[in-house]
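I opened my notebook today to look around a structure and jot down what I found. Come along and check each entry against the picture.

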Amino acid sequence: MSKFSACNFKDQKVLIRVDFNVPLNSKYEITDDTRMKAAVPTIKKILDDGGKVILMSHLGRPKGGPEEKYSLKHLITHLSELLGGVTVLFANDCIGEQAYTTAAMMRPGEVLLLENLRFYKEEEKGDEEFARKLAKLADIYVNDAFGTAHRAHASTAVIAKFFPVEKRMFGLLMEGEVSSAEKVLHQSQKPFTAIIGGAKVSDKILIIENLLKKATDIIIGGGMAYTFIKAQGGKIGNSLCEEDRIEFAHDLLKRAENAGVCIHLPSDSVIADKFDNNAAISTSASNSIPDGWLGLDIGENARAQFANVIKRSKTILWNGPMGVFEMSNFQNGTRAIAEAVAEATQQGAFSLVGGGDSVAAVNQFGFADKVSYVSTGGGAMLEYFEGKTLPGIAAVSAF
Ligand code: AMP
């Protein structure tokens, strides 16, 4: 049993760092509550034990002082609903007198939501004194914000040292994220296939380099594939290409060969005469795309080629779409990959999908519950797979 699940929080004041950075419309209504829902199991466990929950989060990018549009008070009503009608108290300053007195008077089963941490610039600076003031609010610190685990901020990392080892821990969401990521990076069963897509090679250089040490196969799709195809001497027409990364792509293909890692590039592409869903559409070998045309999705052969690799895998990591999936005419490649990952998962593979756009794609195509784990942390997950130590994980784990 995990440290969090084994803990009985009865009568304890528990300060949870959640990621409630949800989008709000102009009427301050929440337009996507995924991040709030993700924290509910952790909060409920503490409340069910008879504990007191104090929640802290950031919201948006305030400039260092209070701003109405970034106030967490807009979340109070919906949070209470998500928790089945529990009373949610609010402190309009996360370290002010009101926060301390409310925290001191809380009864078991109550929730206190603190105002936006980033109304203090000390939060992002990782200020010790600010972290110490936050820590004074509670007996136990729980980090359940995987989305900000790659930041060394006061509430995500620095605060941990003000709690003894047995009183600082990950919440259920964070535990799930960390154990899934570890399963892929450190305990992967082979064959291990990494699927990397999206627009830019430059964003994915570090992750591909680290995966060269871990994966047996790396599938490269999306706009970034064309820089690799050009590096091999292919003609890519007007497809996306990062000229200043061609040498890197060339070198990486060589290094993969030396390491015995199989890199799979799309053999064919769906091409269009402009970046538009209503463009003229055709298919072409990916290495002989006519001038004036651009590859916007992987072709049918590439889908079959990639699906074969995916279906014989035991571990799968997927980050980034295979094409411009936001446009209906260029989403079939990404959908085919989602299907293959779901099928491999059904046959016993462990599959982790992470990174903003691939998560959006599996949700859009209805595959979220057909893969083993969908990560909530875009930047954090990328940095984890780049092999970096995440401050939010390190601080809680430190002895
Ligand atoms: P990233 O944020 O780097 O993961 O890139 C995701 C974006 O890449 C999505 O918005 C896709 O529309 C875009 N994308 C994927 N394939 C292509 C392509 N072949 N050409 C242009 N953009 C693409």
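Entry 1: I began with Asp11, which sits in the loop between helix H1 (3-6) and strand S1 (13-17). I looked up its backbone angle and found a positive phi of about 65°, although Asp11 is not a glycine. I also reminded myself that this is a predicted model.

**Entry 2: a cis bond.** Next I went to Pro191, in the loop between helix H7 (172-185) and strand S7 (192-196). I checked the peptide bond that runs from Lys190 to Pro191, and I noted that this bond is cis, with omega near -5°.

**Entry 3: helices H8 and H10.** How do the axes of helix H8 (residues 201-211) and helix H10 (residues 246-259) cross? I found that these axes come within 12 Å and cross at roughly 20°. Angles under 35 degrees count as roughly parallel, so H8 is roughly parallel to H10. I wrote down that the crossing of H8 with H10 is left-handed. From H8, the residues Val201, Ile205, Ile208 and Glu209 meet Phe248, Leu252 and Arg255 of H10. I sorted the residues of this contact between H8 and H10 into five nonpolar and two charged, with no polar ones.

**Entry 4: helices H11 and H12.** I then turned to helix H11 (residues 300-311) and helix H12 (residues 332-346), whose axes come within 9 Å and cross at roughly 20°. H11 and H12 are therefore roughly parallel to each other. Is their crossing left-handed or right-handed? I found that H11 and H12 cross in a right-handed way. On the H11 side, I listed Arg303, Phe306, Ala307, Ile310 and Lys311 as making the contact. On the H12 side, I listed Asn332, Gly333, Ala336, Ile337, Ala340, Val341, Glu343 and Ala344. The residues of this contact of H11 with H12 divide into eight nonpolar, two polar and three charged.

**Entry 5: around the ligand.** How many residues surround the ligand? I noted 16, and the closest are Ala199, Gly223, Gly295, Glu326 and Asp357. I then looked up some atom pairs one by one. For Ala199, a polar backbone atom is 3.0 Å from an oxygen atom of the ligand. For Gly295, a polar backbone atom is 2.9 Å from a nitrogen atom of the ligand. With Glu326 I went to the side chain, where an N or O atom is 2.5 Å from an oxygen atom of the ligand.

Notes
Residues numbered from 1 in each chain as written. Predicted model: local features only at pLDDT ≥ 70, side-chain atom pairs only at ≥ 80, totals over all residues. Heavy atoms only, no water. Axes fitted to C-alpha atoms, helices over the stretch in contact; angles between N-to-C directions. Helix = DSSP H or I, 4+ residues; strand = E, 2+ residues; numbered from the N terminus. Parallel < 35°, antiparallel > 145°, perpendicular 65-115°, else oblique. Left-handed = near helix turned anticlockwise from the far one by under 90°. Contact = heavy atoms within 4.5 Å. Nonpolar A, V, L, I, M, F, W, Y, C, P; charged D, E, K, R; others polar. Near = heavy atom within 4 Å. Polar contact = N/O pair within 3.5 Å; in protein donor to acceptor, adjacent residues only side chain to side chain.
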